[in-house]
Amino acid sequence: MSGAASGKLLVVLVEDARECSTALEIALSRSGRFLVRAFGSAEEALEAMQSTPPDAVVTGIHLPGMSGLALIRALRTSLAAPQPRIIAVSGGIRRELEAEAISAGADAFFAKPYSPREVCSVLEGMIDEG
């Protein structure tokens, strides 16, 4: 799962909405900087990340089973340093979602409709900042 062999940064994408997942995967891959591994559930992604920690995670909030908020909390407590950058995305309309995501440990939040290209750009900026 590691992106190290390719010289690219590993981004784990966790999104159950296939059209959103595909759009984000395309935008991230086109940047040329990221190797993207997509998962449809937080449980699958969390299991994979325990053996190979990613450089970044982009996760939906509303997922089947474990929520994206629970995933973010789990990552912040279970992964050793350096911690991955985390972006949360959601189709939810509740204003509190952004605050909940940031409180859980997300570095950024995007509500739908969002631009996958903008998500990629923000992630690149976060990684460049170190």
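## Basis of the description

The model is predicted, so local features are given where pLDDT is at least 70 and side-chain atom pairs where pLDDT is 80 or more, whereas totals for chains, interfaces and linings use all residues. Residues are numbered from 1 along each chain as its sequence is written, and side-chain values use heavy atoms, with hydrogens and water left out.

## The sheet

An open sheet is formed by 5 strands in the order β2-β1-β3-β4-β5, with parallel pairing; strands (E, at least two residues) and helices (H or I, at least four) are DSSP runs numbered from the N terminus, and two strands pair if DSSP finds at least two bridges between them. The edges are taken by β2 (34–39) and β5 (108–111), each of which has a single partner strand, so one side of each is left without a neighbour in the sheet. From one strand to the next, the twist averages 20°.

Helix α4 lies across β4 and β5 and runs at about 155° to β5. For these angles, axes are lines fitted to C-alpha atoms, for helices over the stretch in contact, and values run from 0 to 180 degrees between N-to-C directions; contact means heavy atoms within 4.5 Å.

## Helix pairs

Two packed helices are described by the angle between their axes and the distance between the axes. The axes of α3 (residues 68–78) and α4 (residues 96–104) come within 8 Å and cross at roughly 20°, and the two helices are therefore roughly parallel to each other (angles under 35 degrees count as roughly parallel, over 145 as roughly antiparallel, 65 to 115 as roughly perpendicular and the rest as oblique). Their crossing is right-handed, a term used if the near helix is turned clockwise from the far one by less than a right angle, anticlockwise being left-handed. In this contact, L69, I72, R73 and R76 of α3 meet E100, A101 and A104 of α4; by class, the contact has 4 nonpolar, no polar and 3 charged residues (Ala, Val, Leu, Ile, Met, Phe, Trp, Tyr, Cys and Pro count as nonpolar, Asp, Glu, Lys and Arg as charged, and the others, Gly among them, as polar).

Helix α2 (residues 42–51) packs with α3 at an angle of about 15°, with the axes 11 Å apart, which makes α2 roughly parallel to α3. The residues in contact are A42, L46, M49 and Q50 of α2 and L71, A74, L75 and S78 of α3, comprising 6 nonpolar, 2 polar and no charged residues. Helices α1 and α5 pack at an angle of about 45° with their axes 8 Å apart, and are therefore oblique to each other. Their contact is made by A23, L24, A27 and L28 of α1 with P116, R117, V119, C120 and L123 of α5, and by class has 8 nonpolar, no polar and 1 charged residues.

## Salt bridge and cis peptide

The whole structure contains 3 salt bridges (a side-chain nitrogen of Lys or Arg within 4 Å of a carboxyl oxygen of Asp or Glu). In one of the salt bridges, the side chains of D128 and R33 meet at 2.7 Å, N to O. D128 lies in helix α5 (residues 116–129) and R33 in the loop between α1 and β2, so the pair ties together parts that are 95 residues apart in sequence.

A cis peptide bond, with omega about 0°, joins K112 and P113, and P113 is found in the loop between β5 and α5. As a general rule, most peptide bonds are trans.
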